[in-house]
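Reader: Please take me through one part of this model in close detail. I would like the packing at its centre, then the elements and charged pairs that go with it.

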Amino acid sequence: MLLQVSNISKSYGVNAVLSNISMQVQERERIGLVGVNGAGKSTLLKIIAGEMNADSGTIHKAKETKIGYLAQNSGLQSDRTIEAEMRAVFSHLIEAEQELRELEIKIADPELHADEKRYADTLDRYSKRSDWFREQGGFEINTRINSVLHGMGFGQFPQDTVISTLSGGQKTRLALARILLQAPDLLMLDEPTNYLDIETLTWLESYLRGYSGAILVVSHDRYFLDALAQTIVEIERHTSKRYTGNYSRYAELKAAEYEINMKQYEKQQDEIAKMEQFVQQNIVRASTTKRAQSRRKALEKMDRLEKPLGELKKAHFSFEIERMTGKDVLQVQDVSVTFSGRDKPLFEHVSFQLTRGETVALIGPNGIGKSTLLKAIVGQYEPSAGTIRFGTHVKLGYYDQEHTRLNPQNTVLEEVWGAYSHMEEARIRTVLGNFLFSGEDVLKRISSLSGGEKARVSLAKLMLAQANVLILDEPTNHLDLFSKEVLEAALMDYEGTLLFISHDRYFLNKMAERIVELKPAGTEHFLGNYDEMVEKKQEIEEARLEALAKQAASASKAASNSDNTTTSSYETDKQAKREERARQRKLEQLEQDIAALEQQISELEEQLADPAVFNDYIRIQELQGEIGSRKTALEAAYEEWEQFM
């Protein structure tokens with residue numbers, strides 16, 4: 001065990017944030033920490049990291065356990081260059097390397113050879129430091145730095161770039177790169193997927209799956225949690241609960257748990273009602289008084305179940321339209337955008353079209369110009385070339401991920417009512433209530449709202465617009481898991497046309513019917529959702545490699561017709577791909593086996609904790625034997641899994 005959190009509580013004034021939170025982190029464990037915005041997830045991480053004090057409770061960590069913590073949107077503040085900042089992580093190794101160079105100079109000095117003892121001591125020192133340097137990964141410093149920087153999107157950046165000149169998002173990604181290089185025993189990340197495009201997200205998932213330490217991550221990215229987490233800890237109503245499995249498994253277990261608890265509660269309520277009715281009807285009858293009194297005592301002693309708490313209050317809304325558009329909604333033809341002062345266009349030759357009722361996703365790496373293209377479509381930018389034409393009866397609704405259309409000085413009520421002044425105040429307040437702004441909340445200033453609250457204000461305004469074409473730029477940013485589900489449900493019922501940007505792969509899978517990938521020289525089009533696009537790209541790449549292999553095989557055959565023993569590079573390549581697919585299938589099967597074994601162990605340990613088992617020595621032995629055999633199988637599965645990584 002790396003970390004034990006016991007009965008942590010934290011309040012701000014009279015408002016409790018965390019109450020008796022307990023959890024533990026094992027070696028190599030991957031834990032996803034989930035809950036609505038404001039549930040206390042970030043507060044818990046800060047307490048564990050020592051940046052905040054708890055009101056009560058204790059935190060125990062194993063001796064010499066190093067904890068690395070990256071707060072949400074915490075950009076790297078430094079006047080160093082990228083190279084200098086990343087190399088500073090390995091300062092102890094760089095110092096050791098410098099010492100080795102100095103020792104080499106001494107060893108080559110003829111004067112030292114004359115003193116046998118000093119010479120032997122120097123050789124011994126050099127040997128020990130060399131071994132330590134190699135064991136600590138000293139020879140892989142540059143490789144590790146380049147790998148992480150490339151994965152985090154800095155592969156093309158000059159390494160002498162000064163960090164203070166970077167954007168906020170770039171500084172955040174660089175802070176994440178640095179903490180990955182530090183490789184602490186427990187890596188704690190608060191919303192690490194913010195500001196990451198799909199390519200970087202995919203790399204980060206792969207890197208973290210092979211990470212040698214434990215990971216505790218707060219995230220609202222369901223795809224990320226499904227790919228990484230082995231355990232979910234939910235913070236709800238100030239308390240925590242642990243679930244074995246990834247996010248999808250947690251959602252299933254939570255729903256099943258609620259259903260079981262509700263059935264047990266309803267069953268007990270029926271029993272109570274029958275017993276109370278019997279007591280009332282029979283307490284005064286001489287022949288049945290004793291039985292009625294017995295039932296009444298049983299009622300008094302009964303351990304009554306509390307009614308299971310339902311889901312937390314969620315935002316509730318739907319997007320309606322005033323009238324339908326024509327069949328052809330939008331035609332973007334050969335569009336280019338060039339900013340003043342730049343020789344090359346940001347992008348060019350962009351063409352696509354929307355027809356009524358379509359749901360289309362626009363994707364691409366950060367900085368490619370996706371938001372700029374949407375702004376050109378809604379009229380905020382003038383394209384430097386090409387045309388943008390709308391069909392008939394189009395009424396646009398635009399969601400800006402930066403929320404620049406919100407006035408920071410307005411209250412929530414003023415912001416929405418000001419946009420729809422013809423509506424009654426009661427109607428506006430009802431709408432805001434549906435977006436979880438009730439009572440005094442509607443009098444909060446926009447400037448004081450969190451990112452999630454600003455998103456809900458923007459969505460409230462968008463809902464009232466009754467637009468038949470929605471243009472959405474990263475609509476799931478800043479929304480918690482539950483609000484994302486509400487937004488998805490509203491958009492799936494929407495009868496208009498939808499064009500949206502998103503890096504949320506779960507959202508893309510659920511919503512996209514077609515994907516337009518933006519590139520500097522144009523667009524590439526894919527039918528289907530994100531996973532279907534990835535599959536199609538893999539097929540295209542395999543076909544390309546197969547064609548190259550065939551060409552190489554043909555050229556080889558033509559060059560040496562007489563040499564029938566020449567091994568076909570085409571066949572070799574096909575065999576290599578077959579082996580890689582087999583490796584991936586085996587890896588997936590092992591991961592499924594590991595998850596199943598962990599679930600079985602958890603269930604058996606729960607049985608051991610059952611009071612009904614305490615006095616059954618035989619059953620305890622059986623359970624302990626089963627747990628032992630499954631833990632042995634789990635260790636074997638982990639060892640085999642590590643061999644495949």
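Author: In this predicted model, the largest nonpolar core has 49 residues. Phe317, Phe319, Leu432, Leu459, Leu470, Leu491 and Phe500 touch the most other members. Helix α15, residues 451-465, gives the most to this core, with 8 residues.

Take Leu459. Setting aside neighbours within four places in sequence, Leu459 is in contact with Phe317, Phe319, Tyr399, Phe435, Leu479 and Leu487. Two of these contacts, Phe317 and Phe319, are also on the list of residues that touch the most other core members. There is a second, separate core of 45 residues. Among its members are Phe90, Ala96, Ile145 and Leu187.

Now helix α16. This helix covers residues 481-492. Its 12 residues should span 16 Å at 1.5 Å a residue, and the end C-alpha atoms are 17 Å apart, so the two values agree. Most of α16 is covered, with 9 of its 12 residues buried. The buried set is Leu481, Phe482, Ser483, Lys484, Val486, Leu487, Glu488, Ala490 and Leu491. Leu487 is a contact of Leu459. Leu491 is one of the residues with the most core neighbours. The N-terminal end of α16 is capped by Asp480. A side-chain oxygen of Asp480 lies 3.1 Å from the backbone nitrogen of Phe482.

Charged residues come next. Side chains of opposite charge can pair when their charged atoms come close. The model has 34 salt bridges.

One of them joins Lys395 to Glu322, at 3.4 Å from N to O. This pair links distant parts of the chain, 73 residues apart. Lys395 sits in the loop between β13 (385-390) and β14 (396-399). Glu322 sits in the loop between α11 (289-301) and β10 (328-337). Lys395 is partly exposed, with a relative accessible area of 33%. Glu322 counts as exposed because its relative accessibility is 56%, and the cut-off is over 50%.

Arg429 is partly exposed at 34% relative accessibility. Glu425 is partly exposed too, with a relative accessible area of 30%. Elsewhere, salt bridges that share partners join Arg222, Lys484, Glu488, Asp504 and Lys510 into one network. Lys484 and Glu488 are among the buried residues of α16.

Glu358 and Arg514 form another salt bridge, with the closest N and O atoms 2.9 Å apart. Both residues are buried. They too link distant parts of the chain, 156 residues apart. Glu358 is in the loop between β11 (347-355) and β12 (359-363). Arg514 belongs to strand β17, residues 514-519.

Of its 6 residues, 5 are buried, so the strand is mostly covered. β12 and β17 run parallel and are joined by 4 bridges. Arg514 is the bridge partner of Val360. On β18, residues 522-527, the pairing is antiparallel, with 6 bridges to β17. Glu517 stands opposite Glu524 in β18. β17 and β18 form a hairpin, with 2 residues between them.

Note on methods. Residues are numbered from 1 along each chain as its sequence is written. This is a predicted model: local features need pLDDT of at least 70, side-chain atom pairs count only at pLDDT 80 or more; totals for chains, interfaces and linings use all residues. Side-chain values use heavy atoms; hydrogens and water are left out. A nonpolar core is a set of buried Ala, Val, Leu, Ile, Met, Phe, Trp, Tyr and Cys residues joined through side-chain atoms within 4.5 Å. Buried means under 20% relative accessible area, exposed over 50%, partly exposed in between (1.4 Å probe, protein chains only). Contact means heavy atoms within 4.5 Å. The expected span of a helix is 1.5 Å times one less than its number of residues. A polar contact is a pair of N or O atoms within 3.5 Å; within protein, one must be able to donate a hydrogen and the other to accept it, and residues adjacent in sequence count only if both atoms are side-chain atoms. A salt bridge is a side-chain nitrogen of Lys or Arg within 4 Å of a carboxyl oxygen of Asp or Glu. Two strands pair if DSSP finds at least two bridges between them.
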